[in-house]
Amino acid sequence: TIEWDTVGGEHKSARMVKRLVTIPTVSLTRVVDVDGRRVGYLFFRNFVTPSTAALSDAFAALKAAGANELVLDLRYNGGGLVDVAVHLASLIGGSRTAGQVMLNYVHNDKIGPQLNKTTRFTNPDNALNLQRLVAITTRSSASASELVINSLRPYIPVTIVGDSTYGKPVGQYGLRFCDKMLYPVAFSIKNVNL
């Protein structure tokens, strides 16, 4: 319960109830004809666990509609889970990227090479095997959004429309400290060419 006084001096109160709110992560999927090409458009908000199924469904719809190009709208998408980024990038690259190196986790010399690892593209159902990608970005497009863009660049042309992205090619691990969880930057993420 919260209470407050209005500017006019009236005393008010309200009761707020906590509940689960699910925000759709794939907000819009469309396909349009442009000079004989079937161009898909996908507005993607957040790299969270429910996004994997939502992306699979969206790409099934894009594939069924015959999309052979894609505009991926990542405006304001601050990133999230690497597993979801792997899924999205693999849906875009399809058989062209399947099994190829997508990203390398690179740790500093104090932690050492024992934690370095490589993640490869998968070949999920309904992948589009695109020849190129157009991504719409802002300064708020970060982390996993940048990972999708940068990991595909060695394999297909990627065109950025909009502003430069945030610039966060790093990741964190959660570390327990007393009763808190700390997420310090622990590694950098590099594509196959770096």
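In this predicted model, R37 is partly exposed, at a relative accessible area of 30%; the class lies between buried, under 20%, and exposed, over 50% (1.4 Å probe, protein chains only). The side chain of R37 meets that of E69 in a salt bridge (3.0 Å, N to O), a term for a side-chain nitrogen of Lys or Arg within 4 Å of a carboxyl oxygen of Asp or Glu. The pair joins distant parts of the chain, 32 residues apart, with E69 in strand 5 and R37 in strand 4. Helices (H or I, at least four residues) and strands (E, at least two) are DSSP runs numbered from the N terminus.

Residues are numbered from 1 along each chain as its sequence is written, and side-chain values use heavy atoms, with hydrogens and water left out. Because the model is predicted, local features need pLDDT of at least 70 and side-chain atom pairs count only at pLDDT 80 or more, whereas totals for chains, interfaces and linings use all residues.

**Overall architecture**

- The secondary structure comprises three helices and 13 strands.
- The C-alpha trace spans about 65 × 50 × 30 Å along its principal axes.
- Of the 194 residues in the protein, 37% are buried.
- Contact means heavy atoms within 4.5 Å; among contacts between residues at least 6 apart in sequence, 65% join residues at least 24 apart.
- The protein exposes about 11,400 Å², of which carbon and sulfur atoms supply 53%; accessible areas come from the Shrake-Rupley method with a 1.4 Å probe, and for residues only the protein chains shown count as cover.

- An open sheet of five strands runs in the order 3-4-5-8-9, with mixed pairing; two strands pair if DSSP finds at least two bridges between them.
- Its edge strands are strand 3 (26–34) and strand 9, each of which pairs on one side only.
- Neighbouring strands of this sheet are turned by 20° against each other on average, direction ignored; axes are lines fitted to C-alpha atoms, for helices over the stretch in contact, and angles run from 0 to 180 degrees between N-to-C directions.
- Strand 3 and strand 4 (residues 37–44) are joined by eight bridges in the antiparallel sense, and R30 stands opposite Y41 in strand 4.

- Four strands form an open, antiparallel sheet in the order 7-6-13-10.
- Strand 7 (117–120) and strand 10 (170–172) are at the edges with a single partner strand each, so one side of each has no neighbour in the sheet.
- From one strand to the next, the twist averages 30°.
- Strand 6 (residues 101–106) pairs with strand 13 (residues 185–190) over three bridges in the antiparallel sense, and V106 stands opposite S188 in strand 13.
- Helix 2 (residues 82–93) packs on this sheet, touching strand 6 and strand 7, and its direction makes about 155° with that of strand 6.
- T119 lies in strand 7 and, at 16% relative accessibility, counts as buried.
- Leaving aside residues up to four places away in sequence, T119 touches V86, Q100, V101, M102, L103 and Y105.

**Helix 3**

- Helix 3 (residues 144–152) is mostly covered, with eight of its nine residues buried: A144, S145, E146, L147, V148, I149, S151 and L152.
- The cover over these buried residues includes strand 5 (69–73), helix 2, strand 6, strand 8 (133–137), strand 9 (158–162) and strand 13.

**Salt bridges**

- The whole structure contains five salt bridges.
- In the pair with R37, E69 is buried at a relative accessible area of 15%.
- D73 and R75 meet through their side chains at 2.5 Å, N to O; D73 is buried, at 0% relative accessible area, whereas R75 is partly exposed, at 33%.
- Salt bridges with shared partners join R37, E69 and R132 into one network.
- R38 and D33 form a further salt bridge (3.0 Å, N to O); R38 is partly exposed, at 25% relative accessibility, and D33 is exposed, at 56%.

**Nonpolar surface patch**

- L115, Y173, L175, F177 and L182 make up a nonpolar surface patch with about 470 Å² of accessible area together.
- Patches consist of residues with over 30% relative accessible area and no salt bridge, like charges being joined within 9 Å and nonpolar side chains (Val, Leu, Ile, Met, Phe, Trp, Tyr) within 5 Å.
- L182, one of the patch residues, is found in strand 12 (residues 180–182) and is partly exposed, with a relative accessible area of 41%.
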